[in-house]
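Hi everyone, thanks for making time for this. I'd like to walk you through one model, so please have a look at the screen.

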Amino acid sequence: MKTSVASLQGVSETALLTLYARAVETRRPDGLLRDPTAVALAERIDYPFHRFDGLATLDVCAVRAAEMDRRVAAFLNEHPTATVVQRGIGLNTRHFRLNAPRATWINVDFAPVMRLRRDLIEEPPNVIDAQGSAFGAEWMEAVPDAQPLMVVAEGVLYYAEPSQVREWFVRVIERFPAATFLFDTIPPLISRWASFHEGLRAVGIRQPMPWGVSHPRAIASWHPGIANVSHAAYMRETTRGRWFGALCRMPLIRRHLNPFIVQIHPQLIPLT
Ligand SMILES: C[S@@+](CC[C@H](N)C(=O)[O-])C[C@H]1O[C@@H](n2cnc3c(N)ncnc32)[C@H](O)[C@@H]1O
């Protein structure tokens with residue numbers, strides 16, 4: 001019998017879209033990532049995933065996931081015993097894709113999502129579940145001292161109000177000044193037109209995406225600890241993404257449409 005996901009409501013249901021994107025990508029001969037766990041999960045879940053077939057959003061999610069995998073892998077290559085917090089983890093199984101047994105993975109999402117994960121996924125001992133809103137402080141208590149830290153937020157921050165996102169960054173940076181952040185942003189145009197977003201329409205929810213970003217450099221002004229920001233317009237460098245990818249590559253309009261992957265590197269603390 002397949003597993004019901006009726007407990008996933010509102011924004012949490014979008015985790016099924018990104019899961020399906022990784023499953024579809026894995027089945028492609030030219031797939032950008034390999035995630036057999038995503039394929040197995042999609043097969044076990046009772047949900048009409050085929051409603052997502054043909055969406056440009058599937059490609060966008062796959063390109064983004066592959067690029068984020070590459071960046072998390074590079075971080076773990078340098079810091080094999082680091083902690084990686086995944087904020088809004090959904091049904092993502094990055095820790096299996098990257099196979100980093102010495103790292104600690106802290107996965108954060110709302111209680112129904114974390115319950116579903118526990119029903120579906122047998123986690124290795126280096127994974128810590130933290131349930132509740134990522135705006136809460138509970139997950140911070142689980143972060144081990146004295147290990148490098150990366151905080152990843154994939155496909156999640158733009159569902160929050162801009163002031164909440166900013167306050168959250170400031171709070172986390174003040175608590176963990178040496179943390180590296182990895183997240184993605186959407187442009188203001190997509191934020192404003194969230195009700196036309198093909199992925200959200202296919203999921204069948206009316207979900208605002210209030211946090212739109214014209215250019216990630218604006219984030220650097222939020223806190224003195226955010227001096228070192230790098231970014232990539234990940235849909236510009238790929239031929240994937242159907243009509244959306246084509247628009248992201250068009251010179252005159254691409255600056256209004258491109259989503260970014262952003263990395264905040266810790267500031268070098270001067271020796272005293
Ligand atoms: C589009 S899904 C992305 C899931 C996952 N990051 C991935 O790439 O597959 C958005 C996820 O963020 C979670 N989410 C949204 N707002 C959240 C919050 N304030 N605290 C914790 N999780 C949140 C939702 O429950 C959902 O699982």
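**Starting from strand 9**

Let's begin with strand 9, residues 260-265: five of its six residues are buried, so strand 9 is largely enclosed by the rest of the structure. By buried I mean that 20 or more other C-beta atoms lie within 10 Å of a residue's own; 12 or fewer is exposed, in between is partly exposed, and C-beta atoms are placed from the backbone. Helices (H or I, at least four residues) and strands (E, at least two) are DSSP runs, numbered from the N terminus.

Before I go further, this is a predicted model: local features need pLDDT of at least 70, side-chain atom pairs count only at pLDDT 80 or more, and totals for chains, interfaces and linings use all residues. Residues are numbered from 1 along each chain as its sequence is written.

So, which strands pair with strand 9? Strand 7, residues 180-185, runs antiparallel to strand 9 and is joined to it by five bridges; here T185 has F260 as its bridge partner. Strand 8, residues 228-232, also pairs with strand 9 over five bridges in the antiparallel sense, and there V229 stands opposite I264. Two strands count as paired if DSSP finds at least two bridges between them.

Zooming out, seven strands make an open sheet with mixed pairing, in the order 5-4-3-6-7-9-8. Strand 5 (127-131) and strand 8 are the edge strands, each pairing on one side only. From one strand to the next, the twist averages 15 degrees. For angles, axes are lines fitted to C-alpha atoms, for helices over the stretch in contact, and values run from 0 to 180 degrees between N-to-C directions. Elsewhere in the sheet, strand 3 (residues 83-87) and strand 4 run parallel, joined by five bridges, with V84 opposite W105 of strand 4.

Now for the helices. Helix 3 lies across strand 3, strand 6 (149-153), strand 7, strand 8 and strand 9, and runs at about 175 degrees to strand 7. The axes of helix 3 (residues 56-78) and helix 1 come within 8 Å and cross at roughly 80 degrees. That makes helix 1 roughly perpendicular to helix 3, a label for angles of 65 to 115 degrees; under 35 counts as roughly parallel, over 145 as roughly antiparallel and the rest as oblique. Among the residues making this contact are L17 and Y20 of helix 1 and L58 and C61 of helix 3. Contact means that the C-beta atoms of two residues, placed from the backbone, lie within 7 Å.

Helix 3 also meets helix 10 (residues 242-249): their axes come within 6 Å and cross at roughly 65 degrees. A56, D59 and V60 in helix 3 meet R242, W243, F244 and G245 in helix 10.

Finally, the ligand. Which residues come nearest? Of the 20 residues around the ligand, they are S12, T18, G88, G90 and A134; a residue is near if its C-beta atom, placed from the backbone, lies within 6 Å. Helix 1 gives the most to this shell, with three residues. By class, the shell has 10 nonpolar, eight polar and two charged residues. Here Ala, Val, Leu, Ile, Met, Phe, Trp, Tyr, Cys and Pro count as nonpolar, Asp, Glu, Lys and Arg as charged, and the others, Gly among them, as polar.
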